[in-house]
Amino acid sequence: MSAERSKVTLVVDGVEVTADDGAMLVDAAKEGDVEIPVFCYEPKLGGPVGACRMCLVEIEGIPKLQTACSTPVRDGMVVYTRTDRVIESQSAVVEFLLVNHPLDCPVCDKGGECPLQDIAMGWGPGRSRMTEPKRHFRKPMPLSPLVRIDRERCILCYRCVRFSQDVAEDEQLQLLERGASSHVGTFDDHPYIAPFHGNIIELCPVGALTAEAYRFRARPWDIEDSGSVCTLCPSQCNVMFTVRDEHVQRVLARDNDDVDAGWLCDKGRFGFQMITSEERIVEPRVGGSRAGWEAALDAVAERLRSAGERTAAIVGGQTSNEEGYLIQRLLRGALGSANITSVDELEAGLARRLAAPELGAAVPDLDAAESILVVGTDPLNSIPILDLRIRRAIRQGRARLVVASERPTALDGGAEETARYAPGDAAGFLAALAAELGNRRQAGAGTPGRAADEVPGDGSDWAEGARRIAGELRPGKTVIVYGERLGRGPGGDSALASLLECARALDLATAGAGVIGVPEGANGRGLREVGCLPGAGPGFAEAPAGRGLDRIKQGLLDGELDAVVLVHADPIRNLPDGPGWAEALRRARTVIAVSAFDDASTETADIVFPAESYAEKEGTVTHPDGRLQRLRPAVPHPGNVHPIWQVLAELGARLGHETGIGSVPEAVATIAAEVPFYAGITPEEIGGRGVRWQERPAASAVAELAAVPPEQRTSRTNLDRDDSGTLTADRLRLGTYPALWADEITDRNVALRFLAPAQTVELAPSDGERLGLASGDEVEVRSNGTGVRARVALNERMRPGAVFLIEATAAENANALPAELNVEVIKP
C-alpha cells in the first residue's frame with residue numbers, strides 16, 4: 001500500500017484546515033465545511049481538467065483566480081471563495097451555462113437531484129438576460145439501447161467522454177463539432193455498446209444522459225434508497241437500490257474504493273428488472289403442482305430422510321454464507337452425508353493453502369503493485385470491475401501488466417508481455433513459470449536452479465513464454481490475479497500447486513503483494529470458507545471425504561446416490577458436460593431445487609423452493625479478496641417466497657437436527673463460532689463497507705502458507721497426438737470460456753437481452769485458412785458424435801491449433817459437448 005501523505009495547514013474563508021499534502025483545494029475545503037461548486041471535477045475519473053471553470057477561487061499572492069479542482073494545496077495557503085471577484089465569476093459561469101440549457105426541470109428525470117439546479121440556486125445570478133432563441137437538437141436520442149441523450153441539456157463538462165476515453169478505455173464517446181455546435185456523440189452515431197457505459201448516466205451532472213429503464217418512473221421525493229451488495233458476479237460491487245412502491249426502479253453505485261472504486265458494470269446496473277419478472281417462481285412446487293410451505297417441507301424432509309447419506313448438494317455462487325453454512329450442516333449433521341460442494345470446487349488442501357492470510361492480496365493492492373500477473377482468466381468476462389482497476393493501475397504508471405491465458409483477453413493491449421498456452425495446458429505452463437521464477441530466485445542467491453524447459457513433459461511450448469513473463473514480475477511487489485477455473489479438469493490440482501510455487505518464488509507473502517482468486521460464482525470463496533467443500537468443513541476443518549461435482553454426477557448415473565439438492569445451481573447449463581448432468585438428474589430418485597426461475601435443471605426437480613433475489617436477501621457474502629460484506633433487503637419478498645436460510649433451518653428441525661438459528665445475526669454468530677478466522681465477527685463490524693478477515697487478529701487461525709512439493713506437479717493432459725507431438729491435422733484443441741452476457745441474468749432482464757451472444761467459434765487465421773473457413777461462416781463443432789453450431793470468428797491473437805466456444809449460452813451451449821479436448825470444425 002502507498003505511504004501515508006504528510007499534512008499541511010491552510011486557511012479557507014478564515015477557517016484553518018488540515019489536509020493531505022498534494023490534495024486538491026476543492027477537496028481540502030470540505031474539511032473546513034466549505035463547499036466549492038464543481039461540474040467537471042470527479043476524482044474517480046483521474047486528474048482534474050478544469051473545464052467548467054465553476055470552481056474559481058481567490059488565493060493570496062496569486063493575481064488571477066484559480067481553479068480549485070486543479071490547484072494542489074500547500075502549507076500556509078490562504079484561500080477566499082466568496083469575494084466579489086469570485087462571486088461575479090461563478091455567477092457568470094452559471095449564466096453562460098443556462099444560455100442554451102432548457103428550463104424543463106419539471107419534466108426532467110434529474111429534477112430534484114440535479115447539481116445544476118443546486119448550483120444555479122446557490123451560486124447563479126437568479127435571473128436570465130437571455131432573450132434570443134436557444135440552441136436545439138433532436139431529443140431525446142438513443143445513445144444506446146440502454147441510454148438516452150438530450151443534447152440540449154448537455155453543459156459539455158466532459159465527464160462522460162473522459163470515462164469512455166480514460167476509465168473504460170473503449171474510446172467510443174467523443175466531443176464532435178466545434179464552438180456552439182459542440183456535442184457529445186459517437187463516430188457516425190453508432191450505438192454506444194460497452195460493458196460499463198451505464199456509468200455515464202450517474203456521472204452526468206445534468207439530465208442530458210438518462211437510463212431508458214428509469215425515464216419518467218419516479219421523482220426523488222417518491223423514492224427511498226437502500227444500500228446492499230450486487231451478487232450477480234464475483235465483483236460484489238456496493239450498490240444503492242432506488243425503491244418506489246416496494247419495487248426496485250434503478251441501481252446506483254455506492255462508492256467503496258476498497259471494492260469497486262465507485263463503478264458498476266452494466267449487468268449490475270441494469271440487471272434489476274428480473275426481480276419483478278412475471279417468470280419468477282414465487283411459490284413452492286411439489287411434483288409440478290403448487291404447494292404450501294408446510295406440505296413442501298414435509299415432502300422434502302420425508303425424501304431426504306429416506307435418502308440419508310446417499311444425498312448430495314451442489315451450491316451455486318449466489319448463495320449467501322448463511323445459506324451455504326446451513327445446507328452443509330443439513331447434509332453433514334442431519335443426513336450423515338459428506339457429499340457437499342459448490343460450483344467453485346477446489347481440492348481441500350489447496351483451498352486451505354490459497355486462503356493463507358499472508359498470501360491474500362486486497363483489491364487496493366493492485367494500485368501500488370509494481371507488476372500484475374493475470375493468469376487463467378479474462379477479468380472483463382469473469383470479474384468486470386477488476387478489469388477497470390487493473391487498467392487504472394497501468395494508466396497511473398505504477399504497474400507493469402503481464403497476461404498468461406488460453407484465449408486472448410481484453411487486457412492484452414495494455415500488457416508488457418503475453419503468453420498463450422493451449423487449452424488444458426495451464427498446469428504445464430505454470431510449472432514452467434514456477435521453475436523459471438525459482439531459478440531466478442536461486443540464481444540471485446548464488447544457488448543453481450532448474451530451467452523452465454526442464455519441467456516434465458514437452459516444455460518447449462511453455463519455456464519461452466515463461467521466461468518472458470518471469471522477466472516482468474517483481475519479487476515481493478507483484479499481485480497475481482488468477483482464475484479458479486485453473487483448478488478444473490485432470491491437471492487442475494497441479495496447476496494450482498504450481499501457482500502456489502510461483503507465489504513462493506516471488507515472495508508474495510508480504511504486505512501489498514499476494515494473490516486474488518477469481519471464482520466462477522459471486523460467493524465462491526465464502527461458500528468454501530463456511531464448509532461447502534468435499535473433505536473440508538467450516539473454516540477448512542478436516543471433514544470426511546465426500547464426492548465432488550464429477551463424482552456426484554457419476555453417483556447419480558450409477559444409482560449410488562438417491563437425492564441431490566441444487567441451491568442456486570443449474571448444472572445442466574453452467575457445468576461441463578451438460579447432457580451428462582441432464583441424464584444424471586433424470587435418473588436421480590429425488591431432485592430438490594432452490595431457484596428463482598425455471599431452468600433446465602428445475603425441469604427435472606421433484607420439489608422446487610422459490611429463491612430470493614439479491615435485493616430481497618439478508619445475510620453476508622465474501623469477496624474474492626476475503627472481505628465480508630452485508631446483504632440488506634431493499635424490497636419485500638414477492639408472493640410466497642421465504643428466506644432460504646429460514647427454510648433450511650426449519651428443514652433441519654424436521655430432520656431432528658435443531659440449529660438454534662432464528663435470525664441472520666444468530667446465523668452469523670454461529671458461523672463465527674465455527675470458522676476460526678471469522679471469530680467474533682458481527683454484522684455491526686461488517687457494516688456498510690465490509691471487513692477483510694485477513695486484517696483481523698483471528699486471521700492467525702489459518703495455517704501458514706505451505707510449500708508445495710515439486711513432485712505434485714504433472715505434465716500436460718494426455719491428448720490424441722501424432723508421433724511429432726502436435727495435434728493431428730483434422731482435429732483442434734477445444735477451450736471454453738464464460739462470456740459476460742452469456743447467462744440467465746441476461747436472459748431474464750428485458751433491457752439486456754440484446755446483449756446475449758450467439759455462439760461463436762474463435763480460431764486462428766492459419767487454422768481458418770487450412771480448413772477453408774472465413775469469418776462469418778456457419779460451422780459445426782463436433783466431438784464424439786455431438787455437435788454445436790456456431791459462427792466463425794478469426795482472431796489473429798489466437799493460438800494456432802485451438803478453438804474456443806462460449807459457455808452457458810441460451811442456445812448451442814458449449815457445455816453440451818462431451819468433456820473432451822479434441823474437436824472437429826466442419827462446414828456443412
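Me: Which ring does R407 lie over, and at what distance from the ring centre?
Reply: This is a predicted model, so keep that in mind as you look. The cut-off is 6 Å from the ring centre. R407 meets it over the face of Y737, and its distance from the ring centre is 3.6 Å.

Me: Which ring has K44 over its face?
Reply: Look for K44 in the structure. Its distance from the ring centre is 4.4 Å, and the ring it lies over belongs to W263.

Me: Is the pair of F677 and W693 stacked, edge-to-face or tilted?
Reply: There are 8 aromatic pairs by the rule used here. In the pair of F677 and W693, the centres are 4.3 Å apart and the planes make an angle of 35°. Stacked needs under 30 degrees and edge-to-face over 60, so this pair is tilted.

Me: Are F677 and W693 buried or exposed?
Reply: Buried means under 20% relative accessible area. F677 has 1% and W693 has 0%, so both count as buried.

Me: Which residues form one aromatic cluster with F677 and W693?
Reply: F677 and W693 are 16 residues apart in the chain. The cluster that holds them also takes in F540 and Y678.

Me: Which residues does L433 contact, leaving aside neighbours within four places in sequence?
Reply: L433 is among the residues that touch the most other members of the largest nonpolar core, which has 169 residues. Its contacts are L373, A466, I469, A470 and C502.

How values were computed:
Residues are numbered from 1 along each chain as its sequence is written. This is a predicted model: local features need pLDDT of at least 70, side-chain atom pairs count only at pLDDT 80 or more; totals for chains, interfaces and linings use all residues. Side-chain values use heavy atoms; hydrogens and water are left out. A nonpolar core is a set of buried Ala, Val, Leu, Ile, Met, Phe, Trp, Tyr and Cys residues joined through side-chain atoms within 4.5 Å. Buried means under 20% relative accessible area, exposed over 50%, partly exposed in between (1.4 Å probe, protein chains only). Contact means heavy atoms within 4.5 Å. Rings of Phe, Tyr and Trp (its six-membered ring) pair if their centres lie within 6.5 Å; planes under 30 degrees apart count as stacked, over 60 as edge-to-face and the rest as tilted. Helices (H or I, at least four residues) and strands (E, at least two) are DSSP runs, numbered from the N terminus. A charge sits over a ring if NZ of Lys or CZ of Arg is within 6 Å of the ring centre and within 35 degrees of the ring normal.
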